[in-house]
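Hi,

Here is the model I promised to pass on. Have a look at it, and then my notes are below.

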Amino acid sequence: MTGSLLKNTILPLALFAALALVPAYADVFDDRFVLLFFTRILVFAIVAISLDFILGLGAMVSFGHAAYIGFGAYAVAILSEHDIWEAWISFPLAVAAGGLFALITGAISLKTRGVYFIMITLAFGQMAYFTATSLSAYGGDDGLTMWGRSELFGTGLFTGDASFYYLVFGVLAAAYLLLRTFAASRFGRVLKGAKQSEPRLEAMGIDPYRYRLAAYVIAGMIASVAGALMANQSEFVSPAYMSWHRSGELIVMVILGGLGSLHGAILGTIAYMVLEEVLSGYSEHWRLVFGPLLILVVLYGRGGLMGLIPGQIGRQSRGEADQ
Amino acid sequence: MSVTLLAVQTLNGLQLGILLFLIAAGLTLVFGVMDFINLAHGVQYMLGAYLAVACYQLTGSFWLAVTLALIAALICGLLLEFLVFRHLYNRDHLDQVLATFGVILFLNEAVKVLWGAAPLSLPVPELLDGSIQLMANFAYPVFRIALIVTGLAVAVLLYVLVTKTRIGMLVRAGATNPEMVAALGINIRRLFMLVFGFGAMLAGFAGIMAAPILSVEPGMGDNLLILAFVVIVIGGIGSIRGAFLAALIIGLVDTLGRSFATDIARVLLPPAAANDVGPAIASMLIYILMAGVLFFRPSGLFPVRSA
């Protein structure tokens, strides 16, 4: 099982080590753009691993995951509009709001399966989106500019480029470790089991519904944290954060990386956003290349980018992800 | 909220419903029979519209343009099937999502390169120009009436095709249990190609008919694709009857909601709040409807495949 060691231990370690060195690189080569760009990538990576947790592990294809980014982002921005900048108030509130929304919509959505689940999560995502557009006191369609960043006991953690990067990096690493622990626990095994055969689990006296709902809420809360970070990163929020295009993009990032390993989702996010940045630098018609590239990845690289690396993710065989 | 406005908006709603049905019919068949999620179905609608404009610029005749565009849309659909989709039938849904998303990106951009990003339009043919006086102070454009009538005719034709012919029987059987159909010696690949080409042509046809009344621009299919998915999910995947009913419901609810939600909100709320809430509720209506339907009927109104 050397392949598995490479894939499940060495690869994520190398990935996080490389990401930890980004501020040093930016410092040495005096490249502020790379630092800011990677801050943005890592924020998206947090959302992507939370989506991979429910999509890759539990086969819950949420097409409304961007809504949680919005919950987190709007919580921070709306509080800042009322001159409340303390992160210890806004972040727990963001998580609570996202978690509550996930609990209510998840309880309803998880009654359905397959494409019906995809579409009902889209429906709730769209409801959140249109609610945001109607908040005329907070910018409505145009969005809301924040005149600063969150504060944490006056430390300036959010304001420095490098310190903010390390904050995002820390949140990503913590979320990754948390979700990996969940995935390896009994909880994670139930989720994977429910994906393979629900009747078998039920025969064992386990009701997968509650486990799925718990996973759905956890994913929503983690994505909300990322949303709160994103509001700080761009110092601006708008309903576009929650649009279905964004939710679709997130699904694409996760599939591109390869399902179910969590660090695959991080790889997918980096690949997607870096490719987009590099290709769009060459031509405004970069999608002419990017589109076929995605098709080729599907046709020839089974299992996304992670599929290109030898070894098992300690995971399922093909063809189960869609049930 | 006058009677005239209500009548106009009802007709507009019907017209949106018909367009949605033409797109959703192909989508639901492809999904139902081939178990294939084709996100690129929306760009086939866009291609239809662009091909119609291009053929019109070449020939100068609306009717010739419609005929040529229809054929071209069919060829494009089959070409896509041959190049990309055919290799995805045995893959899981998420692979299909990723690959067809790539197709969307490519074609939206290709259209921008070929015809530019600015919206184009197709003139309404002389024969269907002008409007009809339907009531004392209420005239409605002939072309839009023609669109509704044509759409209904296609729906009837499709109904006969699916319920009364051998091909239709195979399609229905394929939607219920494709393995069994293949086991009975039917060339399932050819059936797939037929269904696919037909679906692509219907979507293209919807695009051609929308070209004179909506602006033809890159990405015009994206939002309709989402609406078409809402339609097939409410109707039950694989069900033409369900798609027809759901398309009309969605078309009417969306159109009427957008024109009257603010007025209705004003009855309950102060004007300023109503102006905020009204449009948001109007945009949400179809999603609330879908969530409601799926809550009570998790496989849509007319489930085809037993789970």
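**B:Asp35 and its loop**

B:Asp35 has 20 C-beta neighbours inside 10 Å, so it counts as buried (that label needs 20 or more other C-beta atoms within 10 Å of a residue's own, with 12 or fewer meaning exposed, anything in between partly exposed, and C-beta atoms placed from the backbone). B:Asp35 sits in the loop that links helix H1 (3-34) to helix H2 (41-59) of chain B. It is not a glycine, yet its phi is positive, about 55°.

Before I go on, some housekeeping. This is a predicted model, where local features need pLDDT of at least 70 and side-chain atom pairs count only at pLDDT 80 or more, while totals for chains, interfaces and linings use all residues. Residues are numbered from 1 along each chain as its sequence is written, and chains are lettered from A and ligands numbered from 1 in the order in which they are written. Helices (H or I, at least four residues) and strands (E, at least two) are DSSP runs, numbered from the N terminus.

A:Ala59 is not a glycine either, and has a positive phi of about 55°. You'll find A:Ala59 in the loop between helix H3 (32-57) and helix H4 (66-81) of chain A. It counts as buried because it has 26 C-beta neighbours inside 10 Å.

**Chain B overall**

Chain B has 11 helices and two strands. Its radius of gyration (taken over C-alpha atoms) is 20 Å, close to the 19 Å that the globule rule gives for 307 residues, so chain B is as compact as a globular protein of that length. The rule here is 2.2 Å times the number of residues to the power 0.38. Along the principal axes, the C-alpha atoms of chain B fill a box of roughly 60 × 50 × 35 Å. As for burial, 50% of the 307 residues of chain B count as buried. Among the chain B contacts with a separation of 6 or more, 77% are between residues 24 or more positions apart; a contact means C-beta atoms, placed from the backbone, within 7 Å.

**Annotated spans**

The unreviewed UniProt entry for chain B gives "transmembrane region" for 12-32, 65-85, 97-118, 138-162, 191-214, 226-256 and 277-296. For chain A, the annotation (also from an unreviewed entry) covers 36-55, 85-108, 115-138, 158-179, 213-231, 251-275 and 287-309. Those positions are in the numbering used here, feature names are shortened, and annotations may be inferred rather than shown by experiment.

How do some of these spans look in the model?

- Residues 277-296 of chain B are 100% helix and 0% strand, with end C-alpha atoms 26 Å apart.
- Residues 191-214 of chain B are 83% helix and 0% strand, and their end C-alpha atoms lie 33 Å apart.
- Residues 158-179 of chain A are 86% helix and 0% strand, with 25 Å between the end C-alpha atoms.
- Residues 251-275 of chain A are 80% helix and 0% strand, and there the end C-alpha atoms lie 16 Å apart.

**Where the chains meet**

How many residues of chain B are in contact with chain A? There are 37, and they meet 36 residues of chain A. H4, helix H9 (220-235) and H11 of chain B each supply at least two residues of the side that touches chain A. H4(B) gives the most, with 15 residues.

One residue to look at in helix H4 (residues 93-115) of chain B is B:Leu105. B:Leu105 counts as buried, because 23 C-beta neighbours lie inside 10 Å. Leaving out residues up to four places away in sequence, B:Leu105 touches A:Arg287, A:Phe290 and A:Gly291.

Then there is the pair formed by helix H6 (residues 114-133) of chain A and helix H11 (residues 271-296) of chain B: their axes come within 9 Å and cross at roughly 155°. Axes are lines fitted to C-alpha atoms, for helices over the stretch in contact, and angles run from 0 to 180 degrees between N-to-C directions. Residues that meet here include A:Tyr116, A:Met119 and A:Phe130 in H6(A), and B:Ser283, B:Tyr287 and B:Leu294 in H11(B).

Within chain A, the axes of H4(A) and H6(A) come within 9 Å and cross at roughly 35°. The contact involves A:Gly70 and A:Tyr74 of H4(A), among others, and residues of H6(A) including A:Phe124 and A:Ala128.

Cheers

Definitions and conventions:
Contact = placed C-beta atoms within 7 Å.
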